[in-house]
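Have a look at the sequence and the model first, and then we'll go pair by pair.

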Amino acid sequence: EEVKQALIDVHGAAKPPPIMTPAQEQALLPVARQNLKASLERIPPARREAYDEAMEKAPHLVQVESPPDRFLRALKFDPDATAESLVRYWHKRKELFGPKRAFRSMTITGRGALTKEHVYSALCGAFCIMPPDKHQRPILFIDRAKFLTDAEDPSHRVQVMFYFLHLLFLESDLAIQHGFVICISMDSEHSSKAFDFPKNQSSLIEHLKAEAIPMQIKAIHLILLKKSTFYEQSIPKWFKLFEDTWRRLAMRVIAHVVHSRLEILLGLNAYGISDVNIPKELNNQVDLDAVGKWHAERLEIELERYRFFPLATASLDDDDDSYDDDDDYDDEDEDDDEQEDSKMAAKTNGTEAEKDEDAKEPSNSSSKKQKLDPDA
């Protein structure tokens, strides 16, 4: 039965789930909210610690970034499951971002839960939410070729992925109704060598296993270019990693070894994924114009989302480092931001010599050394 369900999920053959009308949902919500409150109170305080801390320090963020009504809808109005999910969400969020930043707004400014380092990682184009596939499942596409390994802390990838999953949950009803699919292009600039197998990916899988955000992963597609023996050595390692970490997910992982984009399409088409679900610049230079446009649109959306919460929108103002919510953002936090700014500046200064050397070469040869400024 497990294998049969996995095949249904991977191929998108499941029957569309029944969808409640707005009127039906509104009729259920009052009682569901009361039951949810009771379910939360029954969870031991030790397990509820991060959630309680969020309610104390930033109750507005609990409403905006983990909306109880949306969690209820995602979990079929089951109050006990919803209470557990809310507690897992805030526990994982605090675990990933630490006690200082976990209770700031989840925004792309570099002044909230995400630091400027995180924004820098997000703007490299490695993570991208693509349109839904033929089975109405949104695609989270991860292009490892765009990981800036010379400048990026690998642990940031998991935190940046949390941000994109967070967006998917808040902004896509389809992801809640039908689940979503992850596609990972495995080829980085060093992928011709077997040692490139990423040890830190276990933390990524562990994060997915925690199911901190109530959306179902229907399939994971690993895409490898057949240009070396790298794929022969890495595929068994990846499958073993999934099998050891999360067997349910391991049954939904498919590896595609291809020569070209056309072969990628032919391989993925059997699973309902078409050309519109694959980034045009796959394994190529970052499209700075597209990334800049996406960043500007995100800032607009987030400003609108938080405009009714003055304390939350403080972190949306790049000219103001203050975020005073019960002294949550204190002088020590400001020092942390200054240190992050210094690190960003050091990285920029450290690449000046590379930039000068690149200037002597044709402009199309400097794709990996191009820097994106989160403040731009």
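Side chains of opposite charge can pair when their charged atoms come close.

Before going on, a word on what you're looking at: this is a predicted model, in which local features need pLDDT of at least 70 and side-chain atom pairs count only at pLDDT 80 or more, while totals for chains, interfaces and linings use all residues. Residues are numbered from 1 along each chain as its sequence is written, and side-chain values use heavy atoms, with hydrogens and water left out.

Now for a pair that reaches across the sequence. Asp-9 and Lys-218 meet through their side chains in a salt bridge of 3.5 Å, N to O. This one ties together distant parts of the chain, with Asp-9 in helix α1 (residues 2-11) and Lys-218 in strand β4 (residues 217-225), 209 residues apart. Helices (H or I, at least four residues) and strands (E, at least two) are DSSP runs, numbered from the N terminus. Asp-9 is buried, at a relative accessible area of 3%, and Lys-218 is buried too, at 12%.

Next, find Asp-173 and Arg-70, a salt bridge whose closest N and O atoms are 2.8 Å apart. Again distant parts of the chain are linked: Asp-173 sits in helix α9 (residues 173-178) and Arg-70 in helix α5 (residues 68-74), 103 residues apart. Asp-173 is partly exposed, with 44% relative accessibility, whereas Arg-70 is buried at 13%.

Glu-171, Arg-298, Glu-302 and Arg-305 are joined in a network of salt bridges. Pick out Glu-302 in helix α14 (residues 288-306): its relative accessible area is 0%, so it counts as buried.

Finally, zoom out. The count of salt bridges comes to 20, in a protein chain with 17 helices and five strands. Of its 376 residues, 50% are buried.

Terms used:
A salt bridge is a side-chain nitrogen of Lys or Arg within 4 Å of a carboxyl oxygen of Asp or Glu. Buried means under 20% relative accessible area, exposed over 50%, partly exposed in between (1.4 Å probe, protein chains only).
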